[in-house]
Amino acid sequence: MAEPGGPAAEAARLLRLLDYELPEELIAQHPAARREDARLLVVDRASGRLTDARFADVGRWLAAGDALVVNETRVRPARLVLQRPTGGRVELLFVRPAADAAGGETWRVLARPAKHAAPGARLATADGALVVEVVGEGEQGERTVRVAEGSLDAILRTRGEMPLPPYIHRPPEPEDSERYQTVYARVEGAVAAPTAGLHFSEPLLAELARSGVRRVPVTLHVGPGTFRPITADDPREHRMEEEWFDVAETAAAELRATRERGGRLVAVGTTTVRALESMADAAGGGIAAASGWTRKYIVPPYEFRAVDALLTNFHLPRTTLLLLVAAFAGEGQTRRAYAHAIAAGYRFYSYGDAMLVV
């Protein structure tokens, strides 16, 4: 018999935390008219109070001396439809370069339908400007392809589509090339946007800077594993895919200075949290420059070392993102906040509204 409160009970508790019912009409299909027009739900961890606000007013909950820590990753237009010799179409999402002992240009991709991208298959654009050969396969549609002819970089820049998430039930539109990037996106390498940052416009950032809120950039290249659902019976057994993060010395120095003067580290998005906490792991719990591949997975209970407040969007059920938010905001508080957001008609997911946990 399993002991009360033992591993089985803990797994069941985490599974309950991961599930909620969301009406389909609350999944945002387009961004707000202006970035800062989104709604903002403010969650006060100390008092338990929930406050409905506008994102444009986020500065009310930030103070002079706080550091707004943002993820500067830039989304690559990484989705491309190629053809088999028989004419069948295969969609490839180019995730990141892969090592190639032969010295060629090799990429890790997600293929759909994967059964049409078996090792040895050659896939090409309709005009033959790009030809790739499938040279390896993994789980869940993962493939490795080698560029056989043409310039992948040139083709992605001229023909690649923004990799909008599958819950956005429409093809990419011209506005997505701008709106599915943060205004401070600088370092290309992500296949999904760090969506909490999509709400900031240049004027809003300038207004926060004038009020004494400093912006500190870090990088975590968002990969498809960030959004992969948890399927394990025990969520603690889920394995994150590795993603590249970088916290430069200049950023680390600013973060340390913020803490020393009594300011807060306000993480914009769960990917920023994972970059900061990966840095803390590398620094023995402190704040110091760090970079590398991370599989950081945050499950409640968790002690945060480098985050004092969290700005985030509303996340899908059964995802590691939801567990991270619950670890920071508190499990009961997260349930209350999500129930309130649904009842109040907040818009969910990438192009949806935001939540600030203070």
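Author: We take the cavities, then the sheet. This is a predicted model, in which local features need pLDDT of at least 70, side-chain atom pairs count only at pLDDT 80 or more, and totals for chains, interfaces and linings use all residues. Residues are numbered from 1 along each chain as its sequence is written, and side-chain values use heavy atoms, leaving out hydrogens and water.

Reader: How many cavities of 30 Å³ or more does a search of the whole structure find?

Author: Rolling a probe the size of a water molecule over the atoms shows where empty space is left. A cavity is a set of points, on a 1 Å grid over the protein atoms alone, where a 1.4 Å probe fits but cannot get out; lining residues have an atom within 4 Å of a point. A volume is the space filled by probe spheres set on the points, which are joined across faces, edges and corners. The search finds three such cavities.

Reader: Which residues lie nearest the centre of the largest cavity?

Author: Of its 19 lining residues, these are T195, F227, T270, H315 and L321.

Reader: Which strands stand at the edges of the sheet?

Author: Strands (E, at least two residues) are DSSP runs, numbered from the N terminus, and two pair if DSSP finds at least two bridges between them. The open sheet has nine strands, with mixed pairing. β2 (50-54) and β15 (290-294) each have a single partner strand, so one side of each lacks a neighbour in the sheet. Within the sheet, β3 (residues 67-71) and β14 (residues 265-268) run parallel, joined by three bridges.

Note on methods
1 Å grid on protein atoms, 1.4 Å probe; cavity = no way out; pocket = protein on both sides within 12 Å on 5 of 7 lines; lining within 4 Å. Helix = DSSP H or I, 4+ residues; strand = E, 2+ residues; numbered from the N terminus.
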